[in-house]
Amino acid sequence: MNVSLILIILLVGAFATFLAGDKLASKVALFFGLAAAGASIVLLNHYNLGENISFINQWITQPNISFALRADGLSMAMLLLTTVLTPIIIFSSFGNDYKNSKSFYALLLFMSFAMAGTFLASDGLLYYIFWELSLIPIYFIALIWGNGDVEERKKAVVKFFIYTLAGSLFMLVAFVYMYQKAGSLLLEDLYKLNLTANEQLWIFLAFFLAYAIKIPLIPFHTWQANVYQKAPTVGTMLLSGIMLKMGLYSVIRWQLPLAPLAAKEYMYIFIGLGITGVIYGSIVALKQKDLKKLLAYSSLAHVGLIAAGTYTLTLDGLRGAVLQMIAHGFVVVGLFYAAEIIFRRYETRAIAEMGGIRTQSPKFTSMFMILVLASVALPTTFNFIGEFTVLYSLSQINIWFAILGGTTIILGAYYMLKMFQHAMLGETNSKAFTDVTVNEGITLVLIIGVLFFFGMYPKPITDLITPSLEEILTQINRIN
């Protein structure tokens, strides 16, 4: 039993969902999503028992390419994030009607397959293929099932597609160059390369372009808010909850160990870019009148802090970044889902047109409040663990980085609580707001449960990821 099982389940599930027809598509997709999550947990148990669940097989002889899937603590954590969030996202969509739903849910599972493959691949070409494959389904999901003006949506989605594809081509060029040096694209072979400082700089920058666009980091973020707004909520959840983590994960897995000299030389610049994103995202979020756009810029601020943590090149920085990636995945999915619940009843995302929901739906108000507090890193929530660890790592580099990075908590608390006040409190709205359905309640409770459980007991995740991160740090520090 190895991790290829997960990819098989998700790929077969995508085809089965398409063949099931529109009536059964959502249920078939949920079944395969739950099967992948269950298989991931079983594989995690095998991994914890010391069994080898990686998979490697020669794929192409000329050039020398392997179908290599690596299962270590880091990749297993990201795989679990993907396979646990996928059925939650599918289940959250049951309150919506989608035309041609068999294609919609098939694309959703195919995207999950590609993202899981990206987290597992340990051959450069295989990794690149999965990286690009994940872009195709979200392009169609956002384009066909998105909201707002059709022409504006097309512009936003095409910009995202071209922007991301163009950035990835630089990464492909870097892989081609390294293949000429190593004769292989296996991660362990690439790690053995003795590249000059100049070579490492160009490789570092090539990877940075691909990852900075995907995450996104300032100034490569211009596609994000519009796509998050125009995509259907399920698409926004996939983008913010899982897909942007591909970039952050790849910084740790690929960029830093392959070009450690450049990472150390220009550390301050890239930490600075991350913190600039924190401040910029927070300030722009303050001015937003559309709930989805506010959450998009809030996400930009949070991922800027995560990126800053990765570039500290410290164990605390890397560990805090991974913890925050997982925490952010759950909380941002929960927040976008809460925005969708409001939209189902009020048919608006304008914060000014909301208000007075508390008196009509105290249950939903309470759950939404918990998600808001989790997003601003309230102690006992999962986000607090990740943000505190990242800020501590930044203080080890320079105390001012920690102070500036901490603005994500201060400004975040301000704009999120202000949004909550305008959206949920005040006089009863003239529009009726029915209480949450059973399906909606289950989805929100599951997400809140994860945030509280790991907020109070993060040890299972820290124990899982720390050995892998220590190995990566050893690789980064191999050249002093």
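Which residue lies over the face of Trp 131? Lys 214 does, at 4.7 Å from the ring centre. The legends below set this contact among the aromatic pairs.

The model is predicted: local features need pLDDT of at least 70, side-chain atom pairs count only at pLDDT 80 or more, and totals for chains, interfaces and linings use all residues. Residues are numbered from 1 along each chain as its sequence is written, and side-chain values use heavy atoms, without hydrogens and water.

**View 1. Phe 110 and Phe 113 form a tilted pair.** Rings of Phe, Tyr and Trp (its six-membered ring) pair if their centres lie within 6.5 Å; planes under 30 degrees apart are stacked, over 60 edge-to-face, the rest tilted. The count is 37 aromatic pairs. Here the centres are 5.5 Å apart and the planes at 40°, so the pair is tilted. Both residues sit in helix H4 (residues 101-120), three residues apart, about one helical turn. Helices (H or I, at least four residues) are DSSP runs, numbered from the N terminus. Phe 113 is buried, at 8% relative accessibility. Buried means under 20% relative accessible area (1.4 Å probe, protein chains only).

**View 2. Phe 175 and Phe 207 meet edge-to-face.** Their ring centres are 5.3 Å apart, with planes at 90°. The pair links distant parts of the chain: Phe 175 is in helix H7 (residues 150-182), Phe 207 in helix H9 (residues 197-214), 32 residues apart. Both are buried.

**View 3. Arg 345 lies over the face of Phe 433.** The distance to the ring centre is 5.1 Å. A charge sits over a ring if NZ of Lys or CZ of Arg is within 6 Å of the ring centre and within 35 degrees of the ring normal.

Notes:
Helices (H or I, at least four residues) and strands (E, at least two) are DSSP runs, numbered from the N terminus. Buried means under 20% relative accessible area, exposed over 50%, partly exposed in between (1.4 Å probe, protein chains only).
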